[in-house]
Amino acid sequence: MRLHVADHPLITHKLTVLRDERTSSPVFRQLAEELVTLLAYEATRAVRTETVEIRTPVTTTTGLRISEPRPLVVPILRAGLGMLEGMVKLIPTAEVGFLGMVRNEETLEPSTYAERLPDDLSDRQCFVLDPMLATGGSLGAAIEFLFKRGAQDVTAICLLAAPEGVAAIEKQVAGRDVTLVLGALDERLNERGYIVPGLGDAGDRLYGTV
């Protein structure tokens, strides 16, 4: 597994505002979108392309375009939805699927309650969006789901992660083509499975507690 932890003052600045408990939901949503766009530059470094010939007003030249099959962006519901717009702004030609997963707050184990994905993901590059990598249960289950559908490589983008979650994903995906792109790697998990210092429950802060 390849791991990239962002090291950029703009990302750290935006994460600092995101962490602040006084930050309102509208500002939180805007920052999450901006952060994903910044992280997506690194996440898409190995996106598949093909050579294409074009004509400028001056002459003909060659360039690159994203090749078929198009990348598939998969936000994990519900919090991952807050990251979707920032990703598709960067890759507007990408297709979008959805995977609904919920974590049992007592056992911390994930379960899938909804999915909207192609039946066959053979030869597809998949980008999973999940703001918080805590225990690794939900993200690990999502990655496994995509590989079972035939995905060839999976890149996960997370705003924050705990070392325990990173270790769990690395162990689970051993031997597979997986990249993990993080905005920051925090200290640890607390006894409730929350990232410390973290930012709280990303879904609640994005959309409220209803």
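**View 1. Arg 78, a partly exposed residue in a loop of this predicted model.** Arg 78 has a relative accessible area of 31%. Buried means under 20% and exposed means over 50%, so Arg 78 counts as partly exposed. Its loop runs between β4 (72-77) and α3 (81-90). UniProt includes Arg 78 in a "binding site" feature, taken from an unreviewed entry.

**View 2. The residues of the UniProt feature "binding site".** The record lists Arg 78, Arg 103 and Asp 201.

**View 3. Asp 130, a buried residue in a loop.** The loop lies between β8 (125-129) and β9 (132-133). Asp 130 has a relative accessible area of 10%. The cut-off for buried is under 20%, so Asp 130 counts as buried. Which residues touch Asp 130, leaving aside its neighbours within four places in sequence? The contacts are Ile 76, Met 83, Ser 138, Leu 139, Ile 157, Cys 158 and Leu 159.

**View 4. A nonpolar patch on the surface.** Four names make up this patch: Met 1, Leu 3, Val 5 and Leu 185. Together they have about 290 Å² of accessible area. Where is Met 1 placed? Met 1 sits in the segment before β1 (2-5). Met 1 is partly exposed, at 30% relative accessibility.

Terms used:
Residues numbered from 1 in each chain as written. Predicted model: local features only at pLDDT ≥ 70, side-chain atom pairs only at ≥ 80, totals over all residues. Heavy atoms only, no water. UniProt positions renumbered as here; feature names shortened; annotations may be inferred. Helix = DSSP H or I, 4+ residues; strand = E, 2+ residues; numbered from the N terminus. Buried < 20%, exposed > 50% of the residue type's maximum accessible area, 1.4 Å probe, protein only. Contact = heavy atoms within 4.5 Å. Patch = residues over 30% accessible without salt bridge, like charges linked within 9 Å, V, L, I, M, F, W, Y side chains within 5 Å. Areas by Shrake-Rupley, 256 points an atom, 1.4 Å probe, with all protein chains shown as cover. Salt bridge = Lys/Arg side-chain N within 4 Å of Asp/Glu carboxyl O.
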